[in-house]
Amino acid sequence: MKIAFVTPEVRPISKSGGLADYVQSLAGAISEMGNEVHVVTPDYSSSQEEADETINVNGLTLTFRRQQVGRWTAEKIGSAELFSRKDMYGYEDDYRRFAYFSKAAADHIMGNAYDIVHCNDWQTGYVPLLLKQSNSHTPVLYTIHNMEFQGNSAPEILDEIGISRSFFHMEGVEYYGKASAMKSGIVYSDSVVTVSPTYSREIQTPDHGFGMDGVIRKYSSKLSGILNGIDCRVWNPSSDAELRAWYGAESLEGKAQCKSALQREFSLPQVGRPLVAFIGRLWRQKGADILLDALKSVRGNFQLVVLGSGDRALVRRIEDMAASNPSIRAIMRFDEPLSHRIYAGADIFVMPSRFEPCGLGQMISMRYGTVPVVRKTGGLADTVTGFDAGTGEGNGFVFAENDPLELADALSEAVMTYGDKEKWKTLVQNCMNRDFSWQSSAQAYLRLYRTIGGRDSELS
Ligand code: ADP
């Protein structure tokens, strides 16, 4: 099969979050299975290289540059005006930047005989509609990585990228008087996938649907959830170049050395306490505020390292907390190499997300034998099951509500269990023995590609 991924980000070309890892890993796995993969993505650099092709969208010239990245081909779409900016997102005209990107991507797809198109998040949501409007029969799969961001805007954007106003109605792209890229992706694609099975159910409820739950319920027959994997070559405690010592589930001595090295790096005393870590965007979704509120109620002694960047007020709160507590360290920046050392050196990884479409942190931490404490939501609910000290089954500690006291209880239980060396070892090994590779997820996507490839889609 010849497959086009359309995505606002992909490693190693660009990255702001888990989506970039997702496309890199899935594109790699699908091409290793014998398929031809092209990744259509914005060029955020200010490259002056000569373009392979250009295309005009509403009077603006966009360039195409092709680049081979391992087994797959990147089709980079550039425009100094739209994409050569300091950050990838966060501008008032984001809806317009990615609408133009979607139009250029759809034109590329129309001219290149793909068997399947795989779009990702609202930034690509107009692609399925643009294709169907041009009578393309290429099946389109649309993956929702986060329902919170929807690319809703004034409807004039449709005119700018050549979408007929005949699609601007309640059953089409209209959403409370606005045009919605997310709704377009849901309505006009042949299959909608979320990045975990639980999240596919949650977005059908008002609590997690961000206003789109009614639309999702209407299209639930084409909705499914496929859990992401992690790149087990990048995240590997037995070969990770960032680590002081290597280790595996049967030889955990190296993990103790990683912990000592991390404690030295942050001048934390080497006493027999568990080291708890939080790594993530400091954004309401991730619940770092719930963690701060929980800390004073946790029973037992522990050390805490927080690595994150984002919301200014939250950064200040975490820094204040660290300044007044000698067992807490705050590193307020994005630092991937350091994240490897923390995943390996910590004992407990805390992820109190308000919602979590899939979540990579809990899977990476388990791979490094660091036991997760998570809220039961989305992909966290699908990957972490509570440890049962009686049977020795389970791989973490789970709490249900967005409540600091519930988190404190779960953390207290983790800290207490850490005190029982035999039980803790069982738990660590349960984490490390779980398979989080992309293999089975990539197979599930391939099956879906075949299913939607086997039938002609109708224009609604
Ligand atoms: P999201 O994509 O919603 O941010 P995920 O859990 O899916 O959340 O992916 C987050 C990824 O980004 C993980 O690989 C995590 O290790 C990494 N990450 C988040 N914050 C930081 C940080 N401050 N420094 C280094 N890596 C980080």
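Reader: How many residues of strand S17 are buried?

Author: Five of the five residues of S17 (residues 371-375) are buried, so this strand is mostly covered; buried means under 20% relative accessible area, exposed over 50% and partly exposed in between, with a 1.4 Å probe and protein chains only. Strands (E, at least two residues) and helices (H or I, at least four) are DSSP runs numbered from the N terminus. This is a predicted model, in which local features need pLDDT of at least 70 and side-chain atom pairs count only at pLDDT 80 or more, while totals for chains, interfaces and linings use all residues. Residues are numbered from 1 along each chain as its sequence is written, and side-chain values use heavy atoms, with hydrogens and water left out.

Reader: Which residues of S17 point which way?

Author: Val371, Val373 and Arg375 point one way, and Pro372 and Val374 the other way. In a regular strand the side chains alternate between the two faces of the sheet.

Reader: In what sense do S16 and S17 pair?

Author: S16 (residues 348-351) and S17 pair in the parallel sense, over four bridges; DSSP must find at least two bridges for two strands to pair. Phe349 stands opposite Pro372 in S17.

Reader: Which residues of the largest nonpolar core touch the most other members?

Author: They are Phe5, Leu26, Val373, Phe397, Leu407, Tyr445 and Tyr449, in a core of 97 residues. This core draws at least three residues from each of domain 1 (2-229 + 438-452) and domain 2 (253-432), the bounds coming from an automatic or database domain assignment. A nonpolar core is a set of buried Ala, Val, Leu, Ile, Met, Phe, Trp, Tyr and Cys residues joined through side-chain atoms within 4.5 Å. Another core, of 56 residues, lies apart from it and has Val6, Leu62, Ala99 and Ala179 among its residues.

Reader: Turning to H15, what caps its N-terminal end?

Author: Asp403 does, with a side-chain oxygen 2.9 Å from the backbone nitrogen of Leu405. The buried residues of H15 (residues 404-418) include Leu407, Leu411 and Val415.

Reader: And Arg97, is that residue buried or exposed?

Author: Arg97, in helix H3 (residues 94-110), is buried, with a relative accessible area of 0%. Its side chain makes a polar contact with the side chain of Asp94 (2.7 Å), and the backbone oxygen of Met88 lies 3.0 Å from a polar atom of the Arg97 side chain. A polar contact is a pair of N or O atoms within 3.5 Å; within protein, one must be able to donate a hydrogen and the other to accept it, and residues adjacent in sequence count only if both atoms are side-chain atoms.

Conventions:
The expected span of a helix is 1.5 Å times one less than its number of residues.
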